[in-house]
Amino acid sequence: MRAARLIKMVLLLQSRPTMTAAELARELEVSERTVTRDAQALSEAGVPVYADRGRAGGYRLVGGYRTRLTGLARSEAEALFLSGVPGALREMGLEDAASAARLKVSAALLPSLRDASRTAAQRFHVDAPGWFKEPDTPELLPAVAQAVWDDRRITARYRRGDTDVERELEPYGLVLKAGVWYLCARVPEPGTFRVYRIDRFTAVAADGERFGRDEDFDLPGFWDEQAERFARSLLRAEVVVRLSAQGLRRLPYALDPASVRCARQTCGEPDERGWVTVTLPVESEEVAHTQLTALGAEAEVLSPVTLRERFAGDAARLAALYR
């Protein structure tokens with residue numbers, strides 16, 4: 001534990017001209033007294049750590065000292081490629097590995113380039129969860145993530161309806177979609193790939209056995225295919241709607257992308273008022289009622305008749321309310 005902290009202290013001093021005891025204590029998560037003792041230990045070990053006294057003082061390395069302890073471990077290198085999504089790293093338990101990797105890279109860079117991580121962080125940030133809801137980190141996510149990294153089979157129990165189901169899975173990859181974590185895994189029997197929501201897992205156990213990964217498996221491509229198939233599977237009904245030009249422009253804000261694409265493909269020629277007739281695949285009449293309500297008077301439902309009657313009833317109640 002202390003050896004790792006001493007190495008980190010050297011790398012910190014190597015990547016910056018000087019650091020105060022308070023700054024080092026904050027980075028190393030120790031007291032300033034511990035920083036003083038560690039600096040003394042490094043000096044006795046031959047690392048030229050020099051302490052500048054006074055209000056503007058601090059610790060620095062002298063004589064252009066450079067350590068070669070900058071080689072990245074595998075976990076650090078893998079975490080570094082995910083460092084643009086800090087929340088995801090934290091949830092998977094990889095925050096410390098990513099921090100160590102960034103520090104080693106910073107220490108290995110030329111002095112003129114050492115502020116690259118800071119300047120990049122000031123300009124780009126990825127915030128994965130959706131709006132208007134607090135992200136809920138699944139308790140078993142770190143265990144699943146570790147199995148994914150190590151290519152180890154897991155035995156997982158997950159909720160399916162009102163019952164728990166147990167499956168042996170080969171965890172291939174994790175996907176974070178709008179704040180929700182999913183596992184893409186292969187079921188050994190019958191050897192098919194499936195998608196599971198991590199927050200529905202009730203237990204996860206790694207059996208210690210590694211599985212042979214299919215090197216042709218394309219996680220982004222598989223996810224895109226599954227997401228498109230899932231979105232289309234929900235669209236079990238159709239409605240025919242007339243839309244004004246403004247209604248057509250506002251359609252992407254009211255319906256899901258698959259419905260919008262289909263609407264544009266079935267869009268007829270505008271009439272004399274500029275309105276067009278489209279066919280929309282929807283999840284259900286109830287869902288369509290909620291979605292199309294957002295378009296207000298810019299949409300007129302033509303069929304089914306039952307949905308048209310619901311909107312007519314809405315219009316009558318609104319007219320009475322605002323009379």
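A nonpolar surface patch here is a set of Val, Leu, Ile, Met, Phe, Trp or Tyr residues with over 30% relative accessible area and no salt bridge, joined through side chains within 5 Å. Leu-318, Leu-321 and Tyr-322 form such a patch, with about 400 Å² of accessible area together. Accessible areas come from the Shrake-Rupley method with a 1.4 Å probe, and for residues only the protein chains shown count as cover.

The model is predicted: local features need pLDDT of at least 70, side-chain atom pairs count only at pLDDT 80 or more, and totals for chains, interfaces and linings use all residues. Residues are numbered from 1 along each chain as its sequence is written, and side-chain values use heavy atoms, with hydrogens and water left out.

**The chain overall**

- The secondary structure comes to 13 helices and 10 strands; helices (H or I, at least four residues) and strands (E, at least two) are DSSP runs, numbered from the N terminus.
- Of the 323 residues, 33% count as buried, where buried means under 20% relative accessible area, exposed over 50%, and partly exposed in between (1.4 Å probe, protein chains only).
- The accessible surface comes to about 20,000 Å², and 52% of that belongs to carbon and sulfur atoms.
- Contacts are heavy atoms within 4.5 Å; among those between residues at least 6 apart in sequence, 60% join residues at least 24 apart.

**The largest nonpolar core**

- A nonpolar core is a set of buried Ala, Val, Leu, Ile, Met, Phe, Trp, Tyr and Cys residues joined through side-chain atoms within 4.5 Å.
- The largest one holds 18 residues, and Val-144, Leu-169, Leu-174, Leu-183, Tyr-196, Ile-198 and Phe-201 touch the most other members.
- At least two residues of this core come from each of helix 8 (141-150), strand 3 (152-160), strand 4 (163-177) and strand 5 (180-187), and helix 8 gives the most, with five residues.
- Beyond its neighbours within four places in sequence, Phe-201 is in contact with residues including Leu-140, Val-144, Leu-169, Leu-183 and Tyr-196.

- In helix 12 (residues 285-293), the residues Ala-288, His-289, Gln-291 and Leu-292 are buried.
- Their cover includes strand 8 (237-243), helix 10 (245-254), strand 9 (276-282), strand 10 (299-303) and helix 13.

**Salt bridges**

- The structure holds 15 salt bridges, each a side-chain nitrogen of Lys or Arg within 4 Å of a carboxyl oxygen of Asp or Glu.
- Arg-186 pairs with Glu-170, with the closest N and O atoms 2.7 Å apart; this pair links distant parts of the chain, Arg-186 being in strand 5 and Glu-170 in strand 4, 16 residues apart.
- Both Arg-186 and Glu-170 are buried.
- Arg-197 and Asp-199 meet in a salt bridge at 2.6 Å, N to O; Arg-197 is partly exposed at 28% relative accessibility, and Asp-199 is partly exposed at 29%.
- Salt bridges with shared partners join Arg-153, Glu-170, Arg-186 and Glu-209 into one network.
- Arg-60 forms a salt bridge with Asp-52, the closest N and O atoms being 2.8 Å apart.

**Around Gly-58**

- Gly-58 sits in strand 2 (residues 58-61) and is buried, since its relative accessible area is 6%.
- Apart from neighbours within four places in sequence, Gly-58 is in contact with Thr-18, Met-19, Thr-20, Tyr-50, Ala-51 and Asp-52.
- The C-alpha atoms of Gly-58 and Leu-24 are separated by 9.4 Å, with the two residues 34 apart along the chain.

**Cysteines**

- The count of disulfides is zero, taking a disulfide as a pair of cysteine sulfur atoms within 2.5 Å.
- Cys-184 is buried at 0% relative accessibility, whereas Cys-267 is partly exposed at 30%.

**Backbone points to check by eye**

- The peptide bond from Glu-189 to Pro-190 is cis, with omega near 20°, and Pro-190 lies in the loop between strand 5 and strand 6 (192-197).
- A cis peptide bond also runs from Ser-303 to Pro-304, with omega near 5°; Pro-304 is in the loop between strand 10 and helix 13.
- Glu-29, although not a glycine, has a positive phi of about 60°; Glu-29 lies in the loop between helix 2 (21-28) and helix 3 (32-44) and is exposed at 74% relative accessibility.
- Asp-151 has a positive phi near 55° and lies in the loop between helix 8 and strand 3.

Technical notes:
Patches are made of residues with over 30% relative accessible area and no salt bridge: like charges are joined within 9 Å, nonpolar side chains (Val, Leu, Ile, Met, Phe, Trp, Tyr) within 5 Å.
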